[in-house]
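Visitor: I would like to learn how to read a structure like this one. Please take it feature by feature.

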Amino acid sequence: MDSQVEEIKSKVTIHEVVGGYVQLQRAGRNFRARCPFHRERTPSFMVSPERGTYMCFGCSEHGDIFSFVQKIEGIDFPTALRQLAERAGVVLVSRGSRDYAASRNTPEVKEKEERLRDVCEAATAFFESTLAGRKDVQDYLTTRGVSAETIKTWRLGYAPASWEELCKHLLSNGFSKDDIVEAGFGVKSERKPGEVFDRFRGRIMFPIFDASSKVIAVSGRFFEKVLGAKDDSEPAKYVNSPETPLFKKSRVLYGYDRAKNAIRKLDCILLVEGQFDLILCHQSGLPFTVALSGTALTHEHLSLLSRLSKRLVLALDADAAGLRSGIKSAAMALALGFDVKVPTFLAGQDPADLARENPELLKAAVRTSKTAIEFFLDAVRGTLPAGRQGDERAYKKIVETQILPLVAALPSKIEQEHFVRIVAERLRVPEDAIRAEVAKRPALPADDVAATKDSPLQEVAPTQTPSQLERAAGLVLFHFPKTHHTHERLVVLLGDTRLQALQEKLAPDAERLRFEFESLGDDEALTGEALLEAVERAVIEEEILTVRDALRGDAGVSSELTQKLSLLKRREQELRK
Ligand SMILES: [Zn+2]
């Protein structure tokens, strides 16, 4: 398998891969770009075609084509391997990617995941073919504004209003009851042990895809009851897949696979709540839209999105519950450094309505979104009970509890000041009073801080800073091969033991040092010379200090030491010239 990894690397260059996502500029033997993993104005992301590596001097991300694709697409290694193999025209040895994955995870787990994926795919194809035969459901989708092309692109389908049609179909295709249940499509019967029945009945089906557009779950919208159902209760409007080994709600965003490139390119994320909102936004020319799949926004969602863009537009349900969850989502995103905005829709309208009635108006609403804090500052007034909308004291109270936490969540003091002024003006109270209230609030609740610990948003702790000598030596050490005369001279200067220790200490920074060396100039001989001199200078300074200490400790006059000192000083003078 490793040989296949190498083969792919030899066929797909790193600058081709990275260049598909960011604009690369030539910089000597390397390329330079603005880092796709953190926000920056001046490019500090370096790509080396010779070594097939990349390294960011801003956020320390580094690696090869595989880690780059994994990181930027939000996919796992086997998936990145498959994608790049395809691109390189390399045929992976039979089940190679599975075997490789298996070496990182148990084979049983991976085998099972593959089987569950197959169940998801078979169920999706079944729902699609059922929809093709149901004119009435298609007509309904048309009235909702969904085009035939969108149905195809998003693979919408229909789950028949029956207890067992899907399960029968899957069983006849060789899937086991356990797999059908575990993939979330079947439910074990309590009355007839050993039997399974369909989870989704009489519903319009929206498949939910992973980052590489494979179906991992579904969401079903109610359409009709099962014929002859005795149960009179109103069915849930939406039923989603349960959590499965493939589907983790807190990590999956509906539409992410199709939206990610547009998000990166346009540097903007539109987050909506429902399935219809999502597909209609895409249909209306807002391809940077993603949706939550039946859960609240989480840190994991945000950390996934933050790799693509830090500009988030929240398109929320206009009701009170939507407002509450919107404020919570905004606080979380603001604290993580997102620029958060909210578009204003007409009362009672959601993005799906607007997309159907007037896509241009929807785009305009997104374009003219207000900053989240200003939006909520206005919106919370509407949550006051009727008749008290003009009650300034009640409004102040609600701003204090709902809006000031948002201001406190802002990581930048300058930003905070900006909004302190806006809130003070709106409430007609002194800025100092607002500032004092904001200062009282913790920037982030404790559990949220813990949750962000592992996220890539967190600044990378700098490794122990090497001394000047160590840095200069490291630059030579990792650039020149052992047999090169510059390397050999370094051994003479520092000695084997010391160099060995240094190599171990600096090993984690090797790639950074290689890029640094290359950034020092195109002439490696000249750069090497300059660095060796710097090392020698540092070594001599060290020795001078040692000799001086020895002289100080020595009561008698040691002519030997004095002589050594003057020799060292002379060499130091020479080097300084
Ligand atoms: Zn970076």
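Guide: Start with a term: a nonpolar core is a set of buried Ala, Val, Leu, Ile, Met, Phe, Trp, Tyr and Cys residues joined through C-beta atoms within 7 Å. A residue is buried if 20 or more other C-beta atoms lie within 10 Å of its own, exposed if 12 or fewer, and partly exposed in between, with C-beta atoms placed from the backbone. The model is predicted, so local features need pLDDT of at least 70 and side-chain atom pairs count only at pLDDT 80 or more, while totals for chains, interfaces and linings use all residues. Residues are numbered from 1 along each chain as its sequence is written.

Visitor: Which residues touch the most other members of the largest nonpolar core?

Guide: Leu-270, Leu-334 and Leu-406 do, in a core of 103 residues. Domain 2 (107-240) and domain 3 (253-452) both contribute residues, so this core lies between them. Another core lies apart from it, with 23 residues, among them Leu-24, Phe-31, Val-47 and Phe-68.

Visitor: Where do the domain bounds come from?

Guide: They come from an automatic or database domain assignment. For this chain the assignment gives domain 1 (2-104), domain 2 (107-240), domain 3 (253-452) and domain 4 (468-576). The C-alpha centres of domain 3 and domain 4 are 55 Å apart.

Visitor: How do I read paired strands?

Guide: Helices (H or I, at least four residues) and strands (E, at least two) are DSSP runs, numbered from the N terminus. Two strands pair if DSSP finds at least two bridges between them. Here strand 2 (residues 30-33) pairs with strand 3 (residues 45-48) in the antiparallel sense over 3 bridges, and Arg-32 has Met-46 of strand 3 as its bridge partner. Strand 3 also runs antiparallel to strand 4 (residues 53-56), joined by 4 bridges; Val-47 stands opposite Tyr-54 there.

Visitor: What is the strand order in the open sheet of 6 strands?

Guide: The order is 12-14-13-15-16-17, with mixed pairing. Strand 12 (253-254) and strand 17 (370-371) are at the edges with a single partner strand each, so one side of each has no neighbour in the sheet. Strand 17 pairs with strand 16 (residues 339-342) in the antiparallel sense over 2 bridges, and Lys-341 has Thr-371 as its bridge partner.

Visitor: Which residues other than glycine have a positive phi?

Guide: Arg-155 is one of them, with a phi of about 55 degrees. Its place is the loop between helix 8 (148-153) and strand 6 (157-159). Arg-155 counts as partly exposed because it has 19 C-beta neighbours inside 10 Å. Asp-267 has a positive phi of about 50 degrees and lies in the loop between helix 11 (256-266) and strand 13. With 14 C-beta neighbours inside 10 Å, Asp-267 counts as partly exposed.

Visitor: How are two packed helices described?

Guide: By the angle between their axes and the distance between the axes. Axes are lines fitted to C-alpha atoms, for helices over the stretch in contact, and angles run from 0 to 180 degrees between N-to-C directions. Helix 22 (residues 468-479) and helix 24 (residues 496-506) pack at about 90 degrees, with axes 10 Å apart. They are therefore roughly perpendicular to each other (under 35 degrees counts as roughly parallel, over 145 as roughly antiparallel, 65 to 115 as roughly perpendicular and the rest as oblique).
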